[in-house]
Amino acid sequence: MISTDISQAIRILQGEGIIGLPTETVYGLAGNIFSEKAIRQIYEVKQRPHFNPLIVHLKSAGDLEKVARDISQQAQDLAEAFWPGPLTLVLKKQPHIPDSITAGKDTVAVRVPNHPTALALLEQLDFPLAAPSANPFSTISPTSAQHVAQYFGDRIPMVLDGGACKRGIESTIIGFDEHGPVLYRHGSLALAEIERIIGPIRIKNTNNQSPEAPGMLLKHYSPKTKFILTDQPIEVLENLSDQKIGLITFHTPINHSAVIRCEVLSEQANLEEAASRLYAVMHRLDSLELDVIVAERMPNDGLGLSINDRMQRASF
Ligand code: TXA
Ligand code: MG
C-alpha cells in the first residue's frame, strides 16, 4: 500500500480513485478536481464537513489562469516569488471549478507544491489535484507515508511515498478582500517573508468559524492525549508530578521525574527545524499512552507563530 510507484498513482487517479500524496508541507489526500466521485471519497474518508473547501494543487504557476480569474498583481508577485512552495492563494474561481471543491464559494484555494514526487506526478496528469491534509478531521496532520497508512489503512488504495515532509507544517494561506491581502492561516512560509514582497498583511481572526476561512476551527491538529501549551513548563510539571507526562521543548531538555519522554524540537534553536519535526513528535508522544503532553511555547516570531498556532489548537 505504501509505494513509490508513480505509474500506479497515475492509474488510480485517472480511474477516479484517491491516494496519499507527499508534499513539502504535509501529506495530502489527493484526487482529480473534476471527478465528483474522487472528491466525494476525499470528504468521506477524511470525515470532513462539507462546508470546508479543498486546496487545488497545480503543476506550475503557468496553469493558474485555468482555475482562477481576476488575478491581482500582488497575487502574481507572490506566485512568482514562492511557487513551487508552501503558499496557498485564495482567488476568484473560474466558472468550471466544481462547487464541491470550493464548498460553493466564489473563490478557490491554489498552490504549487514543492516536492519532486508531487511535481513529477502532476506533470503527467491532465488535471489538477484537490488535496486536503491526509488526516481524519481535527487530528494531527501526517508528515510521513506511515502516518497516512496508520490513519486510513486499506480505505485508500495507495500512499505515494515521498519520504518525510521537509517543512512539516501546512502551507500559509493568503486571500484578498477589498482592503488588500489577508492572512487566513499561519503556515510554513513565515508571514514576514510574504510581507517582504507585497507589504503589510492583515491577520484575520482565525479563532472563529468565519465564512472567509471556513476551515480554521479552534480545535484542530489534536492528539488523543490531553495537550497543554505553556510559557512555564517547569511550573506545569511541578503541578502534574503524579502524572505520566510527555514533554515538548524548543531547544533544551528538561529533566523531571514525571517526564516519561522529552522531545526537543531543535537543539540549535532553529524554528524551521522545529516546524519540520513538530507533527512527527506529536504523533510519537500520542502513541505512548501518556496522561498529558506538555509543550513549551515557541518565541512569537517567524515560524514560531505558526508552531504556536498549531499547538494552541491542539490544546483545545
Ligand atoms: O500544506 C497544505 O496546504 C496541505 C497540503 C496537502 O497541500 N493541505 C492542507 O489542506 O492543509 P487542508 O484542507 O487541510 O487545509 C486547507 C485550508 C482549510 O482550512 C480550508 O478551509 C482553506 O484551506 N480553504 C480552502 N479553500 C478555501 C477558500 N476558497 N477560501 C478560504 N479558505 C479556503
Ligand atoms: Mg488539514
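Where is the place of proline 84?

Mentor: Happy to, and please keep in mind that this is a predicted model. Proline 84 sits in the loop between helix 4 (73–82) and strand 6. What makes this spot worth a look is its backbone: the peptide bond from tryptophan 83 to proline 84 is cis, with omega near -5°. As background, most peptide bonds are trans, and most residues other than glycine have a negative phi.

Aspartate 70 lies in the loop between strand 5 (68–69) and helix 4, and its phi is near 50°, a positive value in a residue other than glycine. Aspartate 70 is exposed, its relative accessible area being 59%. Alanine 103 is another case, with phi near 55°, again positive in a residue other than glycine. Its place is the loop between helix 5 (99–102) and strand 7 (107–111). Alanine 103 has 27% relative accessibility, so it counts as partly exposed.

Strand 6 (87–93) and strand 10 (172–177) each supply at least two residues of the lining of the largest pocket. This pocket holds about 290 Å³ of space. Its lining has 15 residues, and Val90, Lys92, Thr107, Phe176 and Asp177 are the ones that lie nearest its centre. Sorted by class, the lining consists of five nonpolar, three polar and seven charged residues.

The second largest pocket, with about 210 Å³ of space, has another make-up: three nonpolar, six polar and two charged residues. Among the residues that line it are Thr139, Ile140, Pro223, Lys224 and Asp286. Helix 7 provides the largest share of this lining, three residues. His147, Gln150 and Tyr151 are also found in the lining of this second largest pocket.

Helix 7 itself, residues 145–152, is mostly covered, with six of its eight residues buried. Those six are Ala145, His147, Val148, Ala149, Tyr151 and Phe152. In general, an α-helix has 3.6 residues a turn, so residues three or four places apart point the same way. With that in mind, it is worth looking at what packs around the helix. The cover over its buried residues includes strand 1 (2–3), strand 2 (19–21), strand 3 (28–32) and helix 2 (36–46), as well as strand 9 (159–160) and helix 10 (271–286). Just after helix 7, glycine 153 takes a positive phi of about 50°.

A search of the whole structure turns up two cavities of 30 Å³ or more. The second largest cavity has a volume of about 30 Å³. Thr172, His186, Gly187, Leu189, Ala190, Leu191, Gly302, Leu305 and Ser306 form its lining. By class, these divide into four nonpolar, five polar and no charged residues. For comparison, the lining of the largest pocket has seven charged residues.

Key
Residues numbered from 1 in each chain as written. Chains lettered and ligands numbered in written order. Predicted model: local features only at pLDDT ≥ 70, side-chain atom pairs only at ≥ 80, totals over all residues. Heavy atoms only, no water. Buried < 20%, exposed > 50% of the residue type's maximum accessible area, 1.4 Å probe, protein only. Helix = DSSP H or I, 4+ residues; strand = E, 2+ residues; numbered from the N terminus. Contact = heavy atoms within 4.5 Å. 1 Å grid on protein atoms, 1.4 Å probe; cavity = no way out; pocket = protein on both sides within 12 Å on 5 of 7 lines; lining within 4 Å. Points joined across faces, edges and corners; volume = space filled by probe spheres on them. Nonpolar A, V, L, I, M, F, W, Y, C, P; charged D, E, K, R; others polar.
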